[in-house]
Amino acid sequence: GANEEELLGYAEKQLAEVRARHASGAINSTTAAEGLENLVSFVETQPEAGAELPGIKFNSIVRGALLGKMYIRSAATNVGKTRASIHDVCNIVFPVKYSNVKKQWIYYPNRASQKALYIVTEQTTDEVKSMILAWICGLEERMIRAKGNKTEEEKERIKTAIKVMEKYGGNLHIEEINDPDLNNVSSVIMKFIRTENVKYVFYDYIFTSPALLKQFSAAGLREDVILGMLSNQLKEIAKTYNVFIMTSTQLNGASYKDGEKRDARMLRGAKSIADKADTGMILSEVDPVDKEDLKEYMNAYGIPSHVIDIYKLRNGSYKNTRIWIQWNPGNGERRDLFITNQDKKLVNLEPWDIIPELPSEA
C-alpha cells in the first residue's frame with residue numbers, strides 16, 4: 001500500500017492538473033494606456049520588497065526576502081553559512097534585539113513577526129536556538145555557553161532575550177532532517193506551508209546526502225545533476241506556493257585566489273544549482289589583497305570583515321556588485337559599509353533604492 005507521503009504527492013498532482021486545466025482559459029485583455037492611475041498608486045504604496053533581511057545595503061539591493069523567489073548563498077567551509085541564515089530568519093521573526101553599538105534594546109515597529117520554517121541538516125535544534133538567543137541578546141554564543149563570568153547586566157540581557165524568544169518564537173518552526181532527499185525535504189516544507197501557513201523557508205544547505213545519492217544511484221546521475229534537482233525542487237515550491245526560500249551551498253575547495261571576484265563557477269555542482277536561483281551570492285572573508293586594494297574606501301567607511309558577491313540578481317540593477325560588511329558571526333551584529341563593482345570601484349545606491357531600517361528604542 002502507498003504511504004502517507006505518496007498519497008499526499010498523488011493528491012497534489014491531481015490538484016495541480018485540475019488547476020492547470022482551469023487556469024489556461026483565463027485571458028486578461030488590456031491596452032498599455034488603461035488603468036494607469038491604479039498602477040501609479042500601487043507602485044507608490046507598495047514598492048516591491050519582501051520581509052527585511054540583515055544589512056541596509058544588502059536588503060536594498062535584493063529587495064528583501066521576496067515571496068515566490070529562491071535565494072542561494074554559498075560560502076567556503078567555516079565562513080558561517082548556517083549562522084548567516086539564522087541571522088536572516090531572526091530578522092524576519094524577532095522585531096526586538098539588543099544593540100551593542102547603542103548599548104540598549106531596539107524595537108523595529110515596521111518588522112511584523114513573520115511565520116518561518118528553518119530546516120537544519122547538520123546542527124541540532126538546540127544549537128540553532130542558542131544561535132538565535134545570541135542574535136537577540138547581542139552576546140557571543142560562546143560567551144552565553146561559558147559557565148560563570150557574566151556580569152549582572154549580561155545575565156539580565158539573556159533573561160530578556162529568552163522572554164523575546166517566548167513571545168515571538170512560536171512563529172519560527174525548526175525541523176531537523178539529518179539525511180535529506182527530495183521526498184522528505186519537500187514533504188516537511190509542504191506540511192508547514194499547509195498547516196502553519198509559513199511564508200519564509202530556510203533550508204540549511206544543499207549537499208549530497210546518502211539518502212539523496214541512494215535515491216538516484218540506479219539512474220547513474222552525476223552529483224551536480226542531483227544537487228541541481230534538489231535546488232530545482234526548492235525553486236518550484238517557492239514559485240508554486242508563493243513562499244520565500246533561502247538555501248546555502250558549499251564552495252569548491254581552493255577555487256579562487258585572493259583578491260579575485262567570486263561567481264557561480266565556484267559553486268560545488270555549480271551551474272545546475274545556480275540556474276534556479278533568483279538571487280545568487282557568495283559570502284567570504286575579506287582577504288589581504290582586498291584590504292590592500294580597498295585602503296582608500298576603508299579609511300572612509302571602515303574595515304570590512306566579509307564581502308558578499310552578488311553574481312545573480314533577477315530583479316534589480318545591482319548585479320555583479322560586492323557588498324563589503326562588518327559582520328560578527330557569533331552574535332549577528334552587522335554593518336554594511338560600502339559597495340563596489342567587480343573592479344573594486346565604488347558603487348552608490350540610488351536614494352530611491354534604499355530601504356531604510358526604522359528602529360525605535362525599546
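Which helix does Asp290 lie in? I looked this up in a predicted model. Asp290 lies in helix α12, residues 288-293.

**Entry: Asp290**

I checked burial next. Asp290 has 0% relative accessibility, so I count Asp290 as buried. I then took one distance from Asp290 to a residue elsewhere in the sequence. Pro304 is 14 residues away in sequence, and the two C-alpha atoms are 9.9 Å apart in space.

**Entry: aromatic pairs**

I searched the whole structure for aromatic pairs and found nine. One of them joins Tyr118 and Phe202. Their ring centres are 6.4 Å apart, with 15° between the planes, and the pair is stacked. I placed both residues: Tyr118 is in strand β4 (residues 116-120), and Phe202 is in strand β6 (residues 200-203). The pair therefore ties together parts that are 84 residues apart in sequence. Are Tyr118 and Phe202 buried or exposed? I find both buried.

I turned to Trp324 and Phe338. Their ring centres lie 6.1 Å apart and their planes meet at 20°. Stacked pairs need planes under 30 degrees apart, so I log Trp324 and Phe338 as stacked. Trp324 belongs to strand β10 (residues 321-327) and Phe338 to strand β11 (residues 334-340). This pair therefore ties together parts that are 14 residues apart in sequence. Trp324 and Phe338 are both buried.

**Entry: Lys97 and charges over rings**

Which ring does the charged end of Lys97 sit over? I find the ring of Trp135, with the charged end 4.8 Å from the ring centre. Lys97 lies in strand β2, residues 96-99. Its relative accessibility is 9%; buried means under 20%, so Lys97 counts as buried. I listed its contacts, leaving out residues up to four places away in sequence. Lys97 touches Gln104, Trp105, Ile106, Tyr108, Trp135, Ile136 and Glu333.

I noted another charge over a ring. The charged end of Arg157 sits over the ring of Tyr98, 3.8 Å from the ring centre.

**Entry: helices α5 and α7**

I looked at how helix α5 (residues 125-137) meets helix α7 (residues 152-168). Their axes come within 9 Å and cross at roughly 115°. The two helices are therefore roughly perpendicular to each other. The crossing of α5 past α7 is right-handed. I wrote down the contact residues on each side. From α5 they are Lys129, Ile132, Leu133, Ile136 and Cys137. From α7 they are Arg157, Ile158, Ala161, Ile162, Val164 and Met165.

**Entry: Cys137**

I picked Cys137 out of the α5 side of that contact. Cys137 is found in helix α5. Its relative accessible area is 0%, so Cys137 is buried. What does Cys137 touch, not counting residues up to four places away in sequence? I list Tyr98, Trp105, Ile144, Arg157, Ile158 and Ala161. Tyr98 and Arg157 in that list are also the ring and the charge I logged above.

Terms used: Residues are numbered from 1 along each chain as its sequence is written. This is a predicted model: local features need pLDDT of at least 70, side-chain atom pairs count only at pLDDT 80 or more; totals for chains, interfaces and linings use all residues. Side-chain values use heavy atoms; hydrogens and water are left out. Rings of Phe, Tyr and Trp (its six-membered ring) pair if their centres lie within 6.5 Å; planes under 30 degrees apart count as stacked, over 60 as edge-to-face and the rest as tilted. Helices (H or I, at least four residues) and strands (E, at least two) are DSSP runs, numbered from the N terminus. Buried means under 20% relative accessible area, exposed over 50%, partly exposed in between (1.4 Å probe, protein chains only). A charge sits over a ring if NZ of Lys or CZ of Arg is within 6 Å of the ring centre and within 35 degrees of the ring normal. Axes are lines fitted to C-alpha atoms, for helices over the stretch in contact, and angles run from 0 to 180 degrees between N-to-C directions. Angles under 35 degrees count as roughly parallel, over 145 as roughly antiparallel, 65 to 115 as roughly perpendicular and the rest as oblique. A crossing is left-handed if the near helix is turned anticlockwise from the far one by less than a right angle, and right-handed if clockwise. Contact means heavy atoms within 4.5 Å.
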